[in-house]
Structure formats: C-alpha cells, structure tokens
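Keep the sequence and the model open while you work through them.

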Amino acid sequence: MGPSSHAARKTVGLGLAGVLLLAVGTTSTRAADLIGVPRIIDGDTVEISGVKVRLEGIDAPETDQFCLDDKSQPRECGNGVRYQLIKKSAGRSWTCRVSGQDVFHRSLASCHIDGEDIQRWMVRSGLALSFKRYSHTYDADETAAREARAGLWAGAFIAPWDWRSRNKSTEVLG
C-alpha cells in the first residue's frame, strides 16, 4: 500500500469521526437545558437566549382570546394569562429541559423556576389546560383547578385548540 492510499484512508477516517461528533452534538442538544430569564410571548410560549420554547403538555388561551369571568363579563383571558406568567416569572431565571420540536420549529420543553414546574403551576392555577392530545402529565392538575373553579374555570371559555380552529378564517382575512 502506497503513501497516497494511507493518506486517503486517514482522510476518510477523520471524515467519519467528524460525522460522528456532529451526530453526538446534535443528539445532545435535543435533551439540553436552556437556562435564562425568558421573554414571555404568550401563555405557553417563551423565548430564552433567542430560542423559542413551547411549554410542553399544556395549552393556554391565545393572546387575542376572550373569556367570560365569574360575573359573565368578557375579559381578555389570553393577555391576562400572559400577564400572570410574567408576574410569576418576575425576572427570575428558568431552566427548561428540551425534549424535541413542535411543527412550528419551537423547542418543546418542561420548564422550572427555582425547582417549581411552571406548567403544573399554570394548569393548577387555571391559567392553562392539560394538552391531552399530546400529554396526560397535567390531567390531575386540570381536574383540581376545575373543581376549585380556579382561573379560567371561574367563568366560561373556549378551549385554546377550539379557539384557534374557529378563528382560522379570521387569520386569513386579518
């Protein structure tokens, strides 16, 4: 075997090593933690260090969504939920464990503030629903919120997934 074939094998070997390193790096970023103070976009989407994060397992009212309060008066529940999440966050750092991506290329993650599960807090407070289509992690918390008539459960509302479905035609016109 001549010097040129030895160099070719070495180059191929280095190329494969690079591909393996890239694959390992890509795999590890899927289960990585994002840590930082989030910018709250809406009740189930935040941005940390330029990465959009969809809070996994829950669905919160859309920012333009209205609900009825306990006196049957309309209120902006989507913006209200966003405000409550901003208030809860209070400029503190979040730790989000990324598990994948949604269809909109946002990172799916479960997030904590000082060890407290944010999604659990939101559902138990009646600010979001368990997103049963994708997860049953927060079903018991939703039941507790409904029984306590907490948050959204104190009045009347349309589930966020139904709200989006009903308002698709206005999105196209808007």
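The chain has an accessible surface of about 10,300 Å² (Shrake-Rupley method with a 1.4 Å probe), and carbon and sulfur atoms hold 58% of that surface. This is a predicted model, in which local features need pLDDT of at least 70 and side-chain atom pairs count only at pLDDT 80 or more, while totals for chains, interfaces and linings use all residues. Residues are numbered from 1 along each chain as its sequence is written, and side-chain values use heavy atoms, with hydrogens and water left out.

**Exercise 1. Overview**

Task: Find how many helices and strands the chain has, and what percentage of its residues count as buried.

Solution. Begin with DSSP runs, numbered from the N terminus: helices are H or I runs of at least four residues, and strands are E runs of at least two. This gives six helices and 11 strands. Next, take buried as under 20% relative accessible area, exposed as over 50% and partly exposed as in between (1.4 Å probe, protein chains only). Of the 174 residues, 36% are then buried.

**Exercise 2. The largest nonpolar core**

Task: Work out which residues touch the most other members of the largest nonpolar core, and which helix gives the most to this core.

Solution. A nonpolar core is a set of buried Ala, Val, Leu, Ile, Met, Phe, Trp, Tyr and Cys residues joined through side-chain atoms within 4.5 Å. The largest one has 23 residues, and Leu85, Trp94, Cys111, Ile118 and Met122 touch the most other members. Elements that supply at least two residues each include strand 4 (51-55), helix 2 (77-89) and strand 9 (107-113). Helix 3 gives the most, with four residues. Now look at Cys111: beyond its neighbours within four places in sequence, its contacts (heavy atoms within 4.5 Å) include Val53, Leu55, Trp94 and Ile118. Another core, of five residues, lies apart from the largest one, and Leu129 and Trp153 are among its members.

**Exercise 3. The two faces of a strand**

Task: Sort the residues of strand 1 into a covered and an uncovered face.

Solution. Start from the general rule: in a regular strand, side chains alternate between the two faces of the sheet. In strand 1 (residues 33-36), Leu34 and Gly36 make up the covered face, whereas Asp33 and Ile35 make up the uncovered one. Then find the partner: strand 1 runs antiparallel to strand 8, joined by four bridges (strands pair if DSSP finds at least two bridges between them). Across this pairing, Leu34 stands opposite Cys96.

**Exercise 4. Salt bridges**

Solution. A salt bridge needs a side-chain nitrogen of Lys or Arg within 4 Å of a carboxyl oxygen of Asp or Glu; the structure holds 15 of them.

- Arg120 and Asp117 meet at 3.7 Å, N to O.
- Glu142 and Arg146 have their closest N and O atoms 3.6 Å apart. These two residues are separated by about one helical turn, because they are four residues apart in helix 4.

To finish, trace the network in which salt bridges with shared partners join Asp44, Arg54, Asp59, Glu62 and Arg164.
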